[in-house]
Structure formats: structure tokens, C-alpha cells
Amino acid sequence: SAPPNGATCTFTENEPTTPYFWDAGCTMGAHGCNADDIHVQCRFCGKGVYADIPCPASEVCSFANEPSIPYYWDPECSMGKLGCMADGIHLVCRLLL
């Protein structure tokens, strides 16, 4: 879910390569939660040891213009696979075709 009152994940060092999103249901110690070491609700997802946590596509795909076709985060995507890299940025952002 969207962070309340403009709260966002805050990474003090470098932006991580692992995707992340705001998960209001996160609790301290839960897998992937507290990703930024500041907000418990900041959660890693969709890659590496967090591959078992699905990323909400609306949080991690970046479209200049929102498509009318549904899309989702698909860690099984590969270059050239139908629907993959739907946003032109993230290989694993996939259109539901």
C-alpha cells in the first residue's frame, strides 16, 4: 500500500538494486521488512533472497504513461520474452498479454 503522508523508503547510502515497496503490514523481523534500516514498512521484494516476496507492479514498474493493459512483476522474465520489459526500464516488468 502507499505510504501515509508522503512517508517513503529512505536509503542513506546507495539506492539498492533489489526492488522495494511500502508494506503497511510489515513487522520488525519479518522477511524483507525494514529494508532501509529506518522504516519497518519498507520491504524488499522480487529478487535474490526476497524472490519469494511478490513486488506490487504499481510500486516498481515506471511508466511515462500508465498502460491500459494490466501488468505485473515477473522474476521469470528474460530479454525478448513476450510482454517483458514493459516499462522500457525493468526487464521483469511484464504486460499481461
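Strands are DSSP runs of E covering at least two residues, numbered from the N terminus. In this predicted model, D37 falls in the loop that links β1 (20-22) to β2 (42-44). The backbone at D37 has a phi near 60°. That value is positive, and D37 is a residue other than glycine. D37 counts as exposed because its relative accessibility is 66%, and the threshold for exposed is over 50%.

A second residue with positive phi is M85. Its phi is about 55°, although M85 is not a glycine. M85 sits in the loop between β3 and β4. Relative accessibility at M85 is 27%, so M85 counts as partly exposed. Partly exposed residues lie between the buried limit, under 20%, and the exposed limit, over 50%.

The loop between β3 (71-73) and β4 (93-95) also holds M79. M79 has a relative accessibility of 64% and therefore counts as exposed. With neighbours within four places in sequence set aside, M79 is in contact with M85 and L91. Contact here requires heavy atoms within 4.5 Å.

Technical notes. Residues numbered from 1 in each chain as written. Predicted model: local features only at pLDDT ≥ 70, side-chain atom pairs only at ≥ 80, totals over all residues. Heavy atoms only, no water. Helix = DSSP H or I, 4+ residues; strand = E, 2+ residues; numbered from the N terminus. Buried < 20%, exposed > 50% of the residue type's maximum accessible area, 1.4 Å probe, protein only.
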